[in-house]
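User: I have a chain open and want to go through its fold and its packing. Can you take my questions one at a time?

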Amino acid sequence: MAYVISDSCVSCGTCEPECPVGAISQGDSQFVIDAGSCVSCGTCAGVCPTGAINEG
């Protein structure tokens, strides 16, 4: 199951370069994860300083 970014995201950008498949990008108000590209590795969740990324 793909990871999702909640409203707790502060758009710090820490997660984006950590994604090995490039599934994270800046959305309108926060970063978003493309569910079709996400390989559920959890790397992004491990580096998120606000805990905004969880398995969806």
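Analyst: The answers below go from the overall fold to single residues; note that this is a predicted model.

User: Fine. Which elements does the protein chain have, and in what order?
Analyst: The protein chain has one helix and four strands. Starting at the N terminus, they run β-β-β-α-β.

User: What radius of gyration does the chain have, against the compact globule value?
Analyst: The radius of gyration is 10 Å, and a compact globule with 56 residues would be near 10 Å, so the two agree. The C-alpha trace spans about 25 × 20 × 20 Å along its principal axes.

User: How much of it is buried?
Analyst: Of the 56 residues, 32% count as buried. The chain exposes about 3200 Å², with carbon and sulfur atoms supplying 47% of that area.

User: And the contacts, what share join residues at least 24 apart?
Analyst: That share is 56%, counted among contacts between residues at least 6 apart in sequence.

User: Now the core. Which residues of the largest nonpolar core touch the most other members?
Analyst: Ile-5, Cys-15, Ile-24, Ile-33, Cys-44 and Ile-53 do, out of 15 residues in that core. Strand 1 (3-5) and strand 3 (31-33) are the elements that give two or more residues to this core. As a general point, nonpolar side chains tend to be buried together in soluble globular proteins.

User: Take Ile-33. What is it in contact with, leaving aside neighbours within four places in sequence?
Analyst: Ile-33 is in contact with Tyr-3, Val-4, Ile-5, Ala-23, Ile-24, Cys-38, Cys-44 and Ile-53.

User: Different topic. Where does Gln-30 lie?
Analyst: Gln-30 is in the loop between strand 2 (24-26) and strand 3.

User: Buried or exposed, and why?
Analyst: Gln-30 counts as buried because its relative accessibility is 12%, and the cut-off for buried is under 20%.

User: What does the side chain of Gln-30 reach?
Analyst: The Gln-30 side chain reaches the backbone oxygen of Ile-5, at 3.1 Å. Beyond its neighbours within four places in sequence, Gln-30 is in contact with Ile-5, Ser-6, Asp-7, Cys-9, Ser-11 and Ser-25.

User: Last one, Cys-19. Where is its place, and is it buried or exposed?
Analyst: Cys-19 sits in the loop between strand 1 and strand 2. With a relative accessible area of 16%, Cys-19 is buried.

User: How far apart are the C-alpha atoms of Cys-19 and Phe-31?
Analyst: They are separated by 12 Å, with Cys-19 and Phe-31 lying 12 residues apart along the chain.

Definitions and conventions:
Residues are numbered from 1 along each chain as its sequence is written. This is a predicted model: local features need pLDDT of at least 70, side-chain atom pairs count only at pLDDT 80 or more; totals for chains, interfaces and linings use all residues. Side-chain values use heavy atoms; hydrogens and water are left out. A nonpolar core is a set of buried Ala, Val, Leu, Ile, Met, Phe, Trp, Tyr and Cys residues joined through side-chain atoms within 4.5 Å. Buried means under 20% relative accessible area, exposed over 50%, partly exposed in between (1.4 Å probe, protein chains only). Contact means heavy atoms within 4.5 Å. A polar contact is a pair of N or O atoms within 3.5 Å; within protein, one must be able to donate a hydrogen and the other to accept it, and residues adjacent in sequence count only if both atoms are side-chain atoms. The radius of gyration is taken over C-alpha atoms; the globule rule is 2.2 Å times the number of residues to the power 0.38. Accessible areas come from the Shrake-Rupley method with a 1.4 Å probe; for residues, only the protein chains shown count as cover.
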